[in-house]
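Colleague: Thanks for sitting down with me. Could you bring up the model so that we can go through it together?

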Amino acid sequence: MDEPIQELPEDMMIPADPPPWWHSRKKATQFANGMSRGGDHRGTMILASSLCTDTTAEATVILDYFIDVVAYLESIEPPQYPYPVDTELAAAGEEVFLCHCAGCHGSYSADGESDSYPNMLIPLELIGTDPVFAAYGAGEFNYLEEWFESSFFGTVTELGVTEPFVGYVAPPLDSVWASAPYFHNASVPTLDLVLDSGARPTYWKRVDFDSTHYDWDALGWPYEVLDHGQDEAGPLEQRNLIYDTTKPGHSNGGHPFGDALTSEERKAVLEYLKTI
Ligand code: HEC
């Protein structure tokens with residue numbers, strides 16, 4: 001279009017942490033805020049690869065390729081934790097998990113055959129993680145979704161614009177040890193901090209971008225706690241490296257479900273999370 005149909009809002013740099021592909025086969029929705037919970041995700045998947053298509057006939061041909069793409073995605077296996085696991089501690093962690101976590105995140109079996117996953121959407125008031133992304137999908141900025149639903153793509157995938165959900169999906173946790181950082185906005189660098197909301201750093205940055213440098217105990221990226229945010233960091237290259245949880249969309253609060261656990265119980269849950 002020659003003229004913009006909508007002015008972009010200022011200050012809307014919302015961080016997003018794409019979920020691992022190996023969760024595709026369990027989830028009814030591919031988006032953290034529950035958008036497109038209708039099940040057939042090919043409409044959102046082909047959008048990027050067919051935007052320059054002029055006819056629905058051509059778009060239909062492209063759509064057919066995505067039957068194979070979806071089949072491939074659903075065949076992706078979660079990676080195994082590559083180091084020894086303390087099985088006794090993990091068994092204790094499973095008990096805690098079944099009591100405090102499984103109601104939202106499901107239960108997991110050794111071969112994956114008898115897993116249960118409830119596909120739960122948790123309202124913002126209960127989950128308490130950053131509200132911006134959920135509010136964006138349900139609020140005044142969902143003009144793109146409205147356009148989507150009236151387009152060819154919307155005949156394939158229902159985004160649920162008429163029934164927006166204000167909150168987040170409790171994701172499957174298969175191989176969650178491998179998918180740091182955590183939460184829909186990537187605000188928490190390690191799994192042990194997911195379980196301890198009071199210990200999460202306000203300002204942090206990864207110590208390096210070496211993809212093999214992982215913290216195998218805390219389960220996540222090695223990080224450095226900073227005493228300042230982006231505004232005091234000087235040049236853009238420096239600012240960009242800092243995760244500043246005081247910025248809109250970046251807060252790291254909420255999900256307090258691990259806080260009431262003792263440190264022993266938390267350690268046990270972490271050990272268990274290596275096994276699922
Ligand atoms: C009331 C439901 C609920 C309970 C209980 C709950 N969670 Fe969650 N959990 C969620 C939701 C919703 C999210 C997504 C939050 C977000 O992204 O903003 C989440 C996110 C997570 C994540 C981050 C996943 C990722 O890939 O970013 C982990 C890890 C996690 N939960 C582990 C646990 C553990 C362990 C427990 C038990 C101590 C637990 N949760 C209890 C609802 C719950």
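Colleague: Which residue in strand 5 does Tyr203 stand opposite?

Modeller: Happy to start there, with a word on the source: this is a predicted model, where local features need pLDDT of at least 70, side-chain atom pairs count only at pLDDT 80 or more, and totals for chains, interfaces and linings use all residues. Residues are numbered from 1 along each chain as its sequence is written, and side-chain values use heavy atoms, with hydrogens and water left out. Strand 3 and strand 5 pair in the antiparallel sense over two bridges (strands are DSSP runs of E with at least two residues, helices are runs of H or I with at least four, both numbered from the N terminus; two strands pair if DSSP finds at least two bridges between them). In strand 5, the residue opposite Tyr203 is Asp244.

Colleague: And which residue in strand 4 is the bridge partner of Arg206?

Modeller: Strand 3, residues 203-206, is joined to strand 4 by three bridges, and the two run antiparallel. The partner of Arg206 in strand 4 is Tyr223.

Colleague: Which are the edge strands of the sheet?

Modeller: The sheet is open, with three strands in the order 4-3-5 and antiparallel pairing. Pairing on one side only marks the edge strands, which are strand 4 (223-225) and strand 5 (243-244).

Colleague: What arrangement do the six donor atoms make around the iron atom of the ligand?

Modeller: From the protein, the donors are His105 (NE2) and His255 (NE2), lying 2.0 Å from the iron atom (donors are N, O and S atoms within 2.8 Å of the metal, or 3.2 Å for Na, K and Ca). The pair links distant parts of the chain, with His105 in helix 4 and His255 in the loop between strand 5 and helix 11 (263-273), 150 residues apart. Six donors count as octahedral if opposite ones are over 155 degrees apart and all others between 65 and 115. Because the angles here run from 86 to 179 degrees, the arrangement is octahedral.

Colleague: Is His255 buried or exposed?

Modeller: Buried means under 20% relative accessible area and exposed over 50%, with partly exposed in between (1.4 Å probe, protein chains only). His105 has 11% relative accessibility, so it counts as buried. His255 has 12%, so this residue too counts as buried.

Colleague: Where is Ser175, with its positive phi?

Modeller: Most residues other than glycine have a negative phi, and most peptide bonds are trans. Phi of Ser175 is near 50 degrees, and its relative accessibility is 2%, so Ser175 counts as buried. Ser175 lies in the loop between strand 2 and helix 9.

Colleague: Which residue does a cis peptide bond join to Ala180?

Modeller: Omega of that bond is about -5 degrees.

How values were computed. Tetrahedral: all angles 85-135°; square planar, octahedral: opposite > 155°, others 65-115°.
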